[in-house]
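Me: I would like to learn how to read salt bridges, strand pairs and chain contacts in a structure. Can we go through them one at a time?

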Amino acid sequence: MITFYIFIFLPFLFAFLVPFLYKYLNRQVHTGWFVLFVPLSIFIYLVEYIPAVASGATFEYTLSWIPSFGIDITSYMDGLSLLFGLLITGVGSLVIIYSIYYMSKVREALHNFYIYLLMFMGAMLGLVFSDHLLVLYGFWELTSVSSFLLIAYWYERKGSRQGALKALLITVLGGFGMLAGFIMLIMMGDTFSIREIIANMDAIQGHALFIPALLCILLGAFTKSAQFPFGIWLPDAMEAPTPVSSYLHSATMVKAGIYLVARMTPIFGGSAVWFWLVAGIGLVTLLYGSLTALRQTDLKALLAYSTISQLGLIMSLLGIGSLAVYFGPGETGTVFTVATFAAVFHLFNHSTFKGSLFMVVGIIDHETGRRDIRYLGGLMQVMPITFTIALIGGFSMAGLPPFNGFLSKEMFFAAVNDVSHAGIFGLNKIGMLFPIIAWVASIFTFVYCMIFIFKTFGGAYRPERLTREVHEAPLGMLISPIILGLLVILIFFFPNVLGEYILIPALTAILPGMPISGHDVKISAWHGLNTELIMTIGVVVIGLLLFRTARRWIQVMRNYPQGLTLNHFYNQGLSGMEKRSASLTDRYMTGSLRHYLIYIFSFFVLLLMSSLLLLHGIQIDFSNNAAISIYEVGLVIAMIIAAFTVLLASNRILAIVSLSVLGYMVSMFFVIFRAPDLALTQMVVETVTTVLFLLCFYHLPKMTKKIERIPFKLTNLVISVAVGLTVTLLALSANGHKLFEPITSFFENAYELAGAKNIVNAILVDFRGFDTMLEISVLTIAGLGVYILVHQRVKRRGQREIK
Amino acid sequence: MKSNNVILRSVARVAVVIILTFSFYLFMNGHHNPGGGFIGGLSTAAAIVLMYISFGIEKVSENIRMDFRKLAAIGVLIAIGTGTAGVLFGKPFLTQTFGHFDLPIFGDTELASAIIFDTGVALAVIGTAVNIILSISEDR
């Protein structure tokens with residue numbers, strides 16, 4: 001079990017070594033070579049699981065995390081998570097090889113780059129292997145954060161920062177929605193485990209929260225997988241270095257949403273809302289992405305929109321496939337099982353061809369210094385190998401044989417044809433739209449693939465338009481795209497090997513109730529002259545016509561008004577929100593400390609007093625109190641005198657000293673009540689804060705006895721009396737109530753439990769160790785905050801003096 | 001804090017040693033008697049602050065070349081590190097353990113992993129307290 005966790009957390013563990021490797025060894029060896037070890041070893045480890053998982057076995061491991069809250073890292077490996085695990089580490093290895101040649105050893109901050117990349121890899125692995133909903137959510141957000149860091153890797157560029165922010169805002173918004181959905185799921189199923197929820201489906205279906213949970217979870221999946229209309233972050237994310245684009249933003253992270261939808265299919269699949277949202281939004285995204293891709297002149301933007309479109313395709317297939325849950329085992333059910341199978345198949349294919357295409361764009365960018373198709377052309381003669389890879393990837397994306405994209409595209413056509421006469425959920429009326437939209441979008445897909453290949457590599461070679469001399473990329477940069485390209489062809493010829501060992505186990509995980517045999521989902525390149533093949537031929541013919549006449553109509557598309565794009569709405573909304581919240585905030589954030597204290601204290605009084613009164617909480621009971629001794633009376637008198645001295649003091653030193661007298665008196669109380677730990681702490685804290693006060697007062701003007709206006713003083717009086725009253729009532733009521741059994745007896749066993757005779761310390765370091773750990777983290781962060789605030793002020797003042 | 005205060009300096013010379021010794025005692029004793037990482041760390045910080053007050057920031061910084069911000073960060077890392085150590089043995093995060101050992105001079109001694117966690121707490125407290133006070137006092 002521990003081996004599994006070491007492998008899953010290897011990226012995080014290895015990340016600690018990266019700064020040292022970079023610092024001491026980067027001059028000799030590119031840091032990437034060390035990092036490559038991580039995904040490669042995990043990949044090999046996961047490959048060992050393939051035979052067992054293919055034969056239907058699943059693995060479960062549990063690592064206690066916070067057992068008292070039922071939060072454990074429960075890992076579950078089935079076909080679906082294994083497929084994703086293999087993709088993450090497989091593509092990850094190739095991307096790291098590629099990045100070794102793409103990222104300069106001399107100029108780039110490689111340690112940052114690889115730490116972020118490893119962080120992403122670890123988060124993604126954690127995500128797909130997690131069975132615990134909240135742990136899954138944690139990893140989900142971590143992928144958003146690491147994606148943010150990677151997009152903003154070249155943070156000196158404005159575009160990178162804005163793109164990163166946009167991606168973070170949109171995906172985290174979805175993440176929050178997803179969290180809400182998960183919490184509803186947990187409430188309905190009364191468990192954190194996805195598998196237990198699936199096993200307990202009867203309690204969930206028909207529950208009032210079923211639809212809200214479904215919507216919230218889909219929000220998370222759609223934002224992550226860049227579905228319409230949330231997809232606008234993906235093109236801006238292309239500001240990241242190309243290895244990142246090809247890894248996060250085409251092969252893995254954007255597929256996390258697909259993973260989530262697939263994982264949730266056993267729970268939500270079969271309901272009409274789920275079908276229409278997943279399949280419908282998927283189809284709209286497919287069409288929107290392919291149409292918008294046509295307008296792009298930047299190669300990376302073109303690929304970004306094509307990724308959006310392809311993700312829409314996979315999403316719609318999953319939506320169609322969810323009908324299998326509705327129909328259940330049987331002939332109709334099997335038809336839609338095949339659709340889900342096509343989704344998984346296309347997901348795999350997309351990772352191969354899109355990964356290689358992104359790498360091709362990276363090579364072009366790296367070698368020519370340009371990514372704009374208006375400047376490129378004729379690269380076929382100078383970069384023959386890159387051209388071949390682009391041809392393989394592009395034709396596969398266009399859905400042509402003999403490449404794997406052809407197979408899954410045919411299955412997609414079959415699925416939309418099947419769904420058009422499924423006859424449920426109102427499909428008999430508008431079901432025909434499915435094949436039509438799919439077919440039209442496929443034509444556009446074909447056209448932009450042709451634009452991608454032939455505008456870049458075809459035509460006349462014009463070196464005068466490029467900034468540097470162009471030659472073929474170094475071998476190291478070509479290895480990864482060549483491997484992916486070979487996979488594209490190999491999968492076409494031997495699809496059923498992949499199907500049997502990887503895809504069918506994944507399918508079993510998505511549709512656990514369906515009997516799936518290899519016979520039902522056999523992939524074959526040739527299945528007679530049927531509707532699907534005719535549709536593909538139509539796509540090619542019309543696509544070629546459109547491509548030949550592209551010059552005439554594409555300009556019209558590029559003139560699409562900017563004011564009607566989704567991006568425009570996003571920008572408007574964002575700046576509007578900033579303006580509103582700024583005007584609202586300015587209204588109460590006046591910069592006057594007195595105002596802030598008034599807000600804090602009035603809320604304090606209002607909340608506590610109203611809850612005390614509304615809940616009838618005031619209950620004062622002196623019957624159990626001990627007798628008051630003479631020492632206590634003396635201390636209280638001393639405290640009152642000290643407090644009045646603070647009020648009436650005419651200079652600050654006197655005020656500070658009397659305040660610390662007050663504090664020391666409190667510590668004397670702790671001594672009397674036999675709490676030496678508290679007394680000691682209070683004493684040392686008093687000492688240190690006195691120094692701190694003295695330092696702060698250095699900055700304040702001399703205390704003057706000025707006569708303030710009556711309302712000013714009255715407000716102060718009311719607030720201070722109210723706060724004092726609230727605290728006193730609260731303390732007395734707390735003493736008067738006995739709502740729960742005291743937990744003292746547990747702590748009295750400190751010696752047996754923690755080997756400590758000092759209960760207080762045992763609580764601090766052992767029983768409540770989590771609190772202490774987070775407290776010192778907060779303390780340290782606060783300290784750093786003070787340091788930064790003070791030093792920035794000093795620096796700014798210095799700059800002003802220079803001016 | 002530049003002043004030529006002979007009495008303060010003479011007292012501080014002795015007092016700092018006493019305070020530091022006492023804080024170490026507090027720290028080590030925390031497991032069974034009043035004390036612990038937080039108090040020990042805070043009183044160590046008090047001793048360091050006393051040195052700064054009586055001898056001036058420049059002079060003390062020349063002799064104690066330590067980045068207190070890093071010290072705080074190291075403290076937090078140690079605390080988290082002891083937490084994860086338990087995980088490697090298949091126990092929940094932050095599980096502390098203890099055992100009795102027969103050491104040459106000390107005889108039967110109890111060693112607890114909590115003391116490492118406590119060291120982290122102490123370092124974080126020292127680092128943060130001194131860091132805040134130094135930052136504010138440097139702000140002229």
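Me: Is Asp372(A) buried or exposed?

Reply: This is a predicted model, and every value here is computed from it. A residue is called buried when its relative accessible area is under 20%. Asp372(A) has 15%, so it counts as buried. Its side chain meets that of Arg374(A) in a salt bridge, 2.9 Å from N to O. Arg374(A) is partly exposed, with a relative accessible area of 49%.

Me: Where are Lys166(A) and Asp236(A), and how many residues apart are they?

Reply: Lys166(A) is in helix 8 of chain A and Asp236(A) in helix 12 of chain A, 70 residues apart. Their side chains form a salt bridge of 3.1 Å, N to O. Lys166(A) is buried, with a relative accessible area of 4%, and Asp236(A) is partly exposed at 25%. Over all chains, the count is 9 salt bridges.

Me: How many bridges join strand 1 and strand 2 of chain A?

Reply: In a regular strand the side chains alternate between the two faces of the sheet. Here 7 bridges join strand 1 (residues 59-66) to strand 2 (residues 71-77) of chain A, and the two run antiparallel. Tyr61(A) stands opposite Ser75(A) in strand 2. The hairpin has 4 residues between the strands, and Gly70(A) takes a positive phi near 70 degrees in it.

Me: What area do chain A and chain B bury between them?

Reply: The size of an interface is often given as the accessible area lost when the parts come together. Chain A and chain B bury about 4,200 Å², with 73% of it on carbon and sulfur atoms. Helix 37 of chain A gives the largest share of the side of chain A that touches chain B, 17 residues. That side divides into 29 nonpolar, 12 polar and 6 charged residues.

Me: How many salt bridges cross the interface of chain A and chain B?

Reply: The rule finds 0 salt bridges there. Between the two chains, 4 residue pairs are in polar contact.

Conventions. Residues numbered from 1 in each chain as written. Chains lettered and ligands numbered in written order. Predicted model: local features only at pLDDT ≥ 70, side-chain atom pairs only at ≥ 80, totals over all residues. Heavy atoms only, no water. Pairing = 2+ DSSP bridges. Buried area = accessible area lost by both parts, 1.4 Å probe. Salt bridge = Lys/Arg side-chain N within 4 Å of Asp/Glu carboxyl O. Polar contact = N/O pair within 3.5 Å; in protein donor to acceptor, adjacent residues only side chain to side chain. Nonpolar A, V, L, I, M, F, W, Y, C, P; charged D, E, K, R; others polar. Buried < 20%, exposed > 50% of the residue type's maximum accessible area, 1.4 Å probe, protein only.
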